[in-house]
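Dear colleague,

I am handing over the structure below, and my notes on it follow directly after. Please read them beside the coordinates.

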Amino acid sequence: MSESITRRGVLKNLAAIVGGILALPAARTCKAAVQKGLASSHAPAGYDPFKHKWLMALDVDRCIGCGLCVEACCEENEVPEGHFRTWIERYVVTKPKAGSGETRGETMVDSPEGGKKGFPELLVPKEEVLKSFFVPKLCNLCEKSPCTQVCPVGATFDAPDGAVLIDKSYCIGCGFCVQACPYGCRFFNPVTRTADKCTLCYHRITRGLKPACVEICPSQARIFGDLKNPVPDDPLQKFISANKVETLKQYLGTGPRVAYAGLDEEVR
Amino acid sequence: MPRMLQLPPQIIRLVLLTIGIVCAFFTARFFLTPPSFGQYGHYRANALQDIAARQPFWAGKASCLECHPSHAQKLAQGEHKGLSCETCHGPGQAHVVNPAEKLPKLNISMCVRCHQASPSRPKWLHQINVHNHYTGSVCTECHVPHQPNEVP
């Protein structure tokens with residue numbers, strides 16, 4: 001048996017391995033050249049994700065519940081019927097029963113079709129309403145996003161500019177991320193057969209436009225900006241300094257970044 | 001290498017097999033991993049460009065102002081100054097590309113969508129009950145949408 005292993009044979013094998021390692025860069029160049037030809041060319045040039053940090057803020061007292069933002073988002077991103085990347089919730093808090101010693105009665109939340117076509121009249125008589133308001137919801141742009149952590153294939157990721165995005169060519173549609181998001185911001189897109197979510201209108205913000213919902217909102221309830229490049233008289237900076245802002249479900253430790261002003265304790 | 005030659009053959013086979021498997025793994029990973037994977041993190045960096053490659057649907061107020069500056073000046077003086085043109089007029093990308101493509105005429109539904117009274121709406125918003133506010137159906141008989149404080 002020992003005759004089969006000769007000095008010549010071992011040296012030959014070693015040479016083959018060294019030769020293989022030396023050939024790697026050449027192979028890599030060939031591979032890169034082939035794949036460059038397949039890369040997309042429609043993307044806006046000159047956008048560096050490390051030079052931006054996007055953030056959306058929401059002013060609950062400004063939202064009038066018209067639903068134009070939801071409609072704009074669905075049209076901009078071709079969101080399939082019945083699914084939403086952003087939506088509006090209507091909160092109705094009733095008055096407490098007389099003599100109950102409570103601060104408030106029942107809380108009801110509805111969002112018919114995500115608020116896309118506006119809201120129907122309240123079912124509760126006006127006299128029984130303690131307060132009612134609208135809360136726009138969207139991806140909370142978490143710093144430690146649970147949806148990214150559970151993805152088994154690296155298809156979803158926290159981009160360096162603050163957006164949480166999905167690589168649709170990598171997503172296998174397992175739906176773990178849909179379950180992992182504590183804000184319910186993800187859904188399974190039946191058309192692309194992948195997970196889907198708010199991208200902060202990534203194709204718009206990289207071109208210097210505002211996200212569709214921010215562009216269309218008639219009451220400036222949605223404020224959008226770049227924390228790394230504040231413009232003169234920056235609306236986002238102004239909003240954060242003028243309001244006491246908070247984020248949703250901080251106790252979960254997901255590091256949500258979307259700032260809300262004027263939240264009620266009932267809002268989750 | 002006298003010592004190596006003394007190694008039992010099954011050990012040598014095992015070592016060679018291990019080297020073979022490791023090489024096969026790295027070769028497969030080399031050719032199957034997309035070029036930009038791992039550039040920014042555990043994902044394909046080119047996905048950012050793929051996602052950004054989509055074409056915008058809403059043109060944005062700045063595009064409207066290029067050709068309609070007078071409307072914008074008027075709008076900026078009234079209470080509707082914060083509104084984008086497309087909020088009421090609808091998506092205008094097609095009109096930007098081809099100005100001959102006109103945007104649809106607006107009707108009462110656009111006004112009512114925001115101004116219909118509701119207990120859920122904030123107090124600062126001007127709200128009307130459309131059933132008893134006015135019997136007609138043309139808001140612009142009394143209101144100028146581009147300058148709501150003005151009476152025609």
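This is a predicted model: local features need pLDDT of at least 70, side-chain atom pairs count only at pLDDT 80 or more; totals for chains, interfaces and linings use all residues.

Residues are numbered from 1 along each chain as its sequence is written, and chains are lettered from A and ligands numbered from 1 in the order in which they are written.

The mixed sheet of chain A

Four strands of chain A make up an open sheet with mixed pairing, in the order β9-β1-β11-β10, where strands (E, at least two residues) and helices (H or I, at least four) are DSSP runs numbered from the N terminus, and two strands pair if DSSP finds at least two bridges between them. At the edges stand β9 and β10 (245–246) of chain A, each of which pairs on one side only. Helix α7 (residues 235–242) of chain A packs on this sheet, touching β1, β9, β10 and β11 of chain A, and its direction makes about 115° with that of β9(A). Such angles run from 0 to 180 degrees between N-to-C directions, with axes fitted as lines to C-alpha atoms, for helices over the stretch in contact; residues are in contact if their C-beta atoms, placed from the backbone, lie within 7 Å.

Strand β1 (residues 54–59) of chain A is joined by five bridges to strand β9 (residues 222–226) of chain A, and these two run antiparallel. With strand β11 (residues 259–261) of chain A, β1(A) pairs in the parallel sense over three bridges; there Leu58(A) has Tyr260(A) as its bridge partner, and Asp59(A) stands opposite Ala261(A). β1(A) is mostly covered, five of its six residues being buried, where buried stands for 20 or more other C-beta atoms within 10 Å of a residue's own, exposed for 12 or fewer, and partly exposed for the range in between, with C-beta atoms placed from the backbone.

The antiparallel sheet of chain A

Three strands of chain A form an open sheet in the order β3-β2-β4, with antiparallel pairing. β3 (107–110) and β4 (129–137) of chain A stand at its edges with a single partner strand each, so one side of each is left without a neighbour in the sheet. From one strand to the next, the twist averages 20°. Strand β2 (residues 87–94) of chain A pairs with β4(A) over eight bridges, and Thr94(A) has Val129(A) as its bridge partner in β4(A).

Individual residues in the loops

Arg85(A) lies in the loop between α2 and β2 of chain A and counts as buried because it has 26 C-beta neighbours inside 10 Å. Leaving aside its neighbours within four places in sequence, Arg85(A) is in contact with Cys73(A), Asn77(A), Val79(A), Leu138(A), Lys197(A) and Cys198(A).

Two residues may deserve a look when you go through the backbone angles. Glu113(A), in the loop between β3 and β4 of chain A, has a phi near 55°, a positive value in a residue other than glycine, and is partly exposed, with 16 other C-beta atoms within 10 Å. Leu141(A), in the loop between β4 and α3 (146–150) of chain A, also is not a glycine and has a positive phi of about 50°, but Leu141(A) is buried, with 24 other C-beta atoms within 10 Å.

α2(B) is hardly covered, since the count of buried residues in it is zero.

The contact between the chains takes 52 residues from chain A and 37 residues from chain B. On the side of chain A that touches chain B, the residues divide into 27 nonpolar, 12 polar and 13 charged, where Ala, Val, Leu, Ile, Met, Phe, Trp, Tyr, Cys and Pro count as nonpolar, Asp, Glu, Lys and Arg as charged, and the others, Gly among them, as polar.

With best regards

How values were computed: Two residues are in contact if their C-beta atoms, placed from the backbone, lie within 7 Å.
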